[in-house]
Amino acid sequence: MSYVNMEAILGDARKNHYAVGAFNIVNYLTAKAAVEAAEELGQPIIIQTSVKTVKAFGIKEMMSFLKPIAENATVNVAIHLDHSTDVEFTKACIDGGWSSVMYDGSQLTLEENIKNTKEIVTYAKNKKVTVEGELGAIVGVEDDIVVIAGNSAHARPEDCHIFLKETGIDAFAPAVGTAHGVYTGEINIDYDLFDEINQFSSCPLVLHGGTGLTDEMFHKLIALGASKVNISTAIKIAYCQGMVTYTKMNPDQNDPLKLDAFTKEGLKKVVKQHIQFFSLRD
Ligand SMILES: [Zn+2]
């Protein structure tokens, strides 16, 4: 089976100290490019969809073209829902065929976050779907969720203990200072906090806001235990810039397939660079 949930993929990554890239795709072309890149490297991959993207296509329509890509792949592929703050929408995606979902209750109180995440975990388990949870706030703009720097809160270890124990999630994203989108100021990552949480965490840790971190930062966080690294902005840039570059180079060319082929190559290059870097063992 090449279409899997995150359990097998992240379990191996955690055990062997590497990270798996989770790339935010926006359509068929970006999904196909990401999976082909992983296939050419013989590495597993997570393709993830933001709520906004799923709503633009419709749950059924989106899964109808994503699933065959995953099922026909020569490597393990998980299809994951990124940052869903809506319990009912998350359940609809579980029913719709996603093999993994993130329920993001980080804007709620700890109690409410636990209650909703637990509800999703119970619902997902019956369908062998894995669940990612988040604690603390990751600053920046992700989808339509805006978190301002001043409001950002690092996850507190004592809360993490309770959250992990109560919810039984499969992957955990604690806020440790990374940001969504393009970094504007100084990046302040609390490595000690990340290390501390990983030591007691029952499940693999997830790093959000990967675009813009330096190689050194990635290396340090992966060495400390990050098993899933989310890459969204770099994909958006590669996609849009690929189209711009091709159009500038070929202003009179009107063959969409050639435009797609050129853009896809650029996307594959970016995905490959990330996968190769994340899979470097110590
Ligand atoms: Zn995120």
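Q: What share of the 282 residues of the chain counts as buried?
A: In this predicted model, 56% of the 282 residues count as buried (under 20% relative accessible area; exposed is over 50% and partly exposed lies in between, with a 1.4 Å probe and protein chains only). Local features need pLDDT of at least 70 and side-chain atom pairs count only at pLDDT 80 or more, while totals for chains, interfaces and linings use all residues. Residues are numbered from 1 along each chain as its sequence is written, and side-chain values use heavy atoms, with hydrogens and water left out.

Q: And how many helices and strands does the chain have?
A: The chain has 11 helices and 10 strands.

Q: Of contacts between residues at least 6 apart in sequence, what share joins residues at least 24 apart?
A: That share is 73%, where contact means heavy atoms within 4.5 Å.

Q: Take Ser 84. Where is it found, and is it buried or exposed?
A: Ser 84 is found in strand E3, residues 77-84. At 0% relative accessibility, Ser 84 counts as buried. Beyond four places in sequence, Ser 84 is in contact with Val 51, Phe 89, Thr 90, Met 102, Tyr 103 and Asp 104.

Q: What about phi of His 83?
A: His 83 has a positive phi of about 45 degrees although it is not a glycine. His 83 lies in strand E3, and its 4% relative accessibility means that it counts as buried.

Q: And what is phi of His 17 near?
A: Phi of His 17 is near 55 degrees, again a positive value in a residue other than glycine. His 17 is placed in the loop between helix H1 (6-15) and strand E1 (20-24). With 47% relative accessibility, His 17 counts as partly exposed.

Q: Which residues is Ile 69 in contact with?
A: Leaving aside neighbours within four places in sequence, Ile 69 is in contact with Tyr 28, Ala 31, Lys 32 and Val 35. Ile 69 belongs to helix H4 (residues 59-71) and is buried, at 6% relative accessibility. The C-alpha atoms of Ile 69 and Tyr 28 are separated by 8.8 Å, although the two are 41 residues apart along the chain.

Q: Changing topic: how many cavities of 30 Å³ or more are there?
A: The count comes to 3 cavities. On a 1 Å grid over the protein atoms alone, a cavity is a set of points where a 1.4 Å probe fits but cannot get out. Points are joined across faces, edges and corners, and volume is the space filled by probe spheres set on them.

Q: What lines the second largest cavity?
A: Its lining (residues with an atom within 4 Å of a point) consists of Tyr 18, Ala 19, Val 20, Gly 21, Gln 43, Pro 44, Ile 275 and Ser 279. The second largest cavity holds about 40 Å³ of space.

Definitions and conventions. On a 1 Å grid over the protein atoms alone, a cavity is a set of points where a 1.4 Å probe fits but cannot get out, and a pocket is an open set with protein on both sides within 12 Å along at least five of seven lines; lining residues have an atom within 4 Å of a point. Helices (H or I, at least four residues) and strands (E, at least two) are DSSP runs, numbered from the N terminus.
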